[in-house]
Each structure stands twice: as structure tokens, then as C-alpha cells.
Amino acid sequence: MDWVLITGASEGLGREFAEIAARSGHPVILSARQEEKLHALADQLRARHGVETAVIPADLSAEGEADRLWSRACAGRRIGVLVNNAGLGSNGAFESADFGREAASVAVNVTAATVLMKRAVQAMRAAGGGRILNVGSTAGFMPGPEMAVYHATKAYLLSLSDAVAEELRGTDVSVTVLCPGATATNFARDAGMEAIPLFTLTRPATARAVAEAGGRAMQRGQRVRVTGLLNRGFALGPRFAPRWLVTRIARIVLARPHR
């Protein structure tokens with residue numbers, strides 16, 4: 001069977017996507033920065049589901065790493081599914097936020113995702129078909145004060161995915177962008193978001209539920225999948241409410257409490 005390439009596969013949504021693919025009998029290529037976690041997951045998938053696995057560690061914030069990952073992943077394999085799941089974010093005012101972290105966020109969420117998507121489209125069209133699942137966010141539907149760069153990167157990915165999906169309409173390759181809201185993964189911890197109202201005043205979705213929803217949408221060839229009723233409200237709100245109001249509300253739910 002065709003291989004499934006998953007970035008950010010060591011934990012959270014990426015780990016759940018790997019489980020879904022292996023459960024369906026697909027061989028999987030696991031990529032992330034944390035090699036030890038990848039090998040542990042690969043062993044578990046082989047033991048539970050009897051599928052082939054490959055581990056390719058990669059830091060997608062590094063220049064040229066996305067192309068290197070794709071080349072290594074394709075060596076002797078046909079990739080039928082790409083799950084662009086790797087992502088970085090940070091919480092804090094734009095003026096004082098760590099620029100190194102923000103630059104890495106752009107490199108991973110924008111540059112690497114674009115490179116992998118382009119390589120996948122080219123290879124899949126030549127091979128006769130394939131599916132691409134880009135993991136976006138409800139952040140892509142609105143500006144995000146206190147997370148300005150992250151929201152901008154997800155707006156880019158949403159726009160790119162929708163545009164390329166239209167270009168590929170009627171072909172054998174589909175593009176789906178999954179847009180979850182608050183999700184119970186380590187992303188919030190790593191981005192310094194655990195104490196913000198978005199996570200403290202709502203009940204984050206489980207990674208498994210979000211990944212399964214994304215997998216179903218991809219199989220149907222659905223272009224955009226927003227998970228959760230409240231999140232659909234966040235996605236639709238900017239279409240009807242004044243932009244200043246949407247931005248003000250976003251700042252309230254994204255701001256860390258003062259100590």
C-alpha cells in the first residue's frame with residue numbers, strides 16, 4: 001500500500017494520525033525532531049498493527065530540511081498521503097515576543113508546509129493520485145493579538161490549501177485543511193498558552209477526536225473541516241462581525257492573565 005508521511009508525528013495530533021493510518025493497514029513514515037519518541041511510536045505501531053514503519057527525524061525550521069525530508073521519504077517508496085501536521089506557535093505581545101521562536105514558526109508553518117505540499121502534489125499527480133491533509137487552525141479565520149504571527153501563518157495555510165484544492169478540482173489529488181480550536185496536546189504548553197482564557201474557559205477537544213475528524217474529511221475530499229460547534233462559530237464570526245470587534249474578542253481569549 002502507499003505510504004503515509006506524517007510530520008510532527010512524535011506526539012499529540014501527529015501521533016493520533018499515525019495510529020489511524022496504521023490501523024487502516026498503511027505503512028507510515030514518522031517525522032519530527034524527537035527521534036527517540038519516533039522510534040518508540042514506530043515500534044508500537046508495528047507491534048499493534050503489523051505495518052511497516054520508517055523514522056526520519058527532521059527539524060523543519062532549518063533551511064532546506066523540508067526538501068531533504070521529502071527526498072528521504074520518497075527513497076524506494078510511493079507516498080499516497082501527506083499529513084502536514086508539524087507546527088509552532090508562541091503567545092505574547094508582538095513587540096516583545098521572542099523573534100527566534102516567531103521566525104521558526106514561519107519556517108515550519110509556512111515555508112516547510114508549502115515545500116512539502118508542492119512536492120506531494122507533483123509526485124501524486126505523476127503517480128496517479130493521492131491526498132494531502134494540512135493541519136490548520138481556527139486561528140486562520142481571524143487576526144490574533146498576542147499570537148499575531150501564529151494566526152498569520154495559519155491564515156496563509158488556509159488560503160493556500162483552499163486555492164490549491166480548487167486548482168486540483170476534478171483531478172485525482174485532493175487537499176483538505178483541518179481547522180481545530182483548542183485541543184488537548186502539548187502545543188499549548190510549548191506556546192505558553194495553558195493559562196489563557198481559550199484553554200481555561202473552554203474544554204479542549206481530545207487529539208484523537210480531532211484527528212479522526214480530519215481523517216474522515218480527507219477521505220471524503222472535503223476542502224475545509226472545522227471541528228466543534230463553538231469553533232464553527234469562531235470561523236463564521238469574522239464573515240458577519242466588524243473586523244475590529246473580531247480582533248478585540250480574539251485578544252480577550254488569547255491574552256495571558258496579569259500576575
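Colleague: Which residues line the largest cavity?

Modeller: This is a predicted model. Rolling a probe the size of a water molecule over the atoms shows where empty space is left. In this structure the lining of the largest cavity consists of S90, G92, F94, A97, E102, S105, E146, M147, A148, V149 and Y150.

Colleague: How many cavities of 30 Å³ or more does a search of the whole structure find, and how much space lies in the largest cavity?

Modeller: The search finds one cavity of 30 Å³ or more. The largest cavity holds about 60 Å³ of space.

Colleague: Which helices supply at least two residues each of that lining?

Modeller: Those helices are α4 (99-127) and α5 (148-167). With three residues, α5 gives the largest share of the lining.

Colleague: How do the lining residues divide into nonpolar, polar and charged?

Modeller: Six are nonpolar, three polar and two charged.

Colleague: Now the helix pair. At roughly what angle do the axes of α1 and α2 cross?

Modeller: The axes of α1 (residues 12-23) and α2 (residues 35-49) cross at roughly 25° and come within 10 Å. Angles under 35 degrees count as roughly parallel, so α1 is roughly parallel to α2.

Colleague: Is the crossing of α1 and α2 left-handed or right-handed?

Modeller: The crossing of α1 past α2 is right-handed. On the α1 side the contact is made by R15, A18, E19, A22 and R23, and on the α2 side by L41, Q44, L45, R48 and H49.

Colleague: What is the makeup of the residues in the contact of α1 with α2?

Modeller: Four of the contact residues are nonpolar, two are polar and four are charged.

Methods. Residues numbered from 1 in each chain as written. Predicted model: local features only at pLDDT ≥ 70, side-chain atom pairs only at ≥ 80, totals over all residues. Heavy atoms only, no water. 1 Å grid on protein atoms, 1.4 Å probe; cavity = no way out; pocket = protein on both sides within 12 Å on 5 of 7 lines; lining within 4 Å. Points joined across faces, edges and corners; volume = space filled by probe spheres on them. Helix = DSSP H or I, 4+ residues; strand = E, 2+ residues; numbered from the N terminus. Nonpolar A, V, L, I, M, F, W, Y, C, P; charged D, E, K, R; others polar. Axes fitted to C-alpha atoms, helices over the stretch in contact; angles between N-to-C directions. Parallel < 35°, antiparallel > 145°, perpendicular 65-115°, else oblique. Left-handed = near helix turned anticlockwise from the far one by under 90°. Contact = heavy atoms within 4.5 Å.
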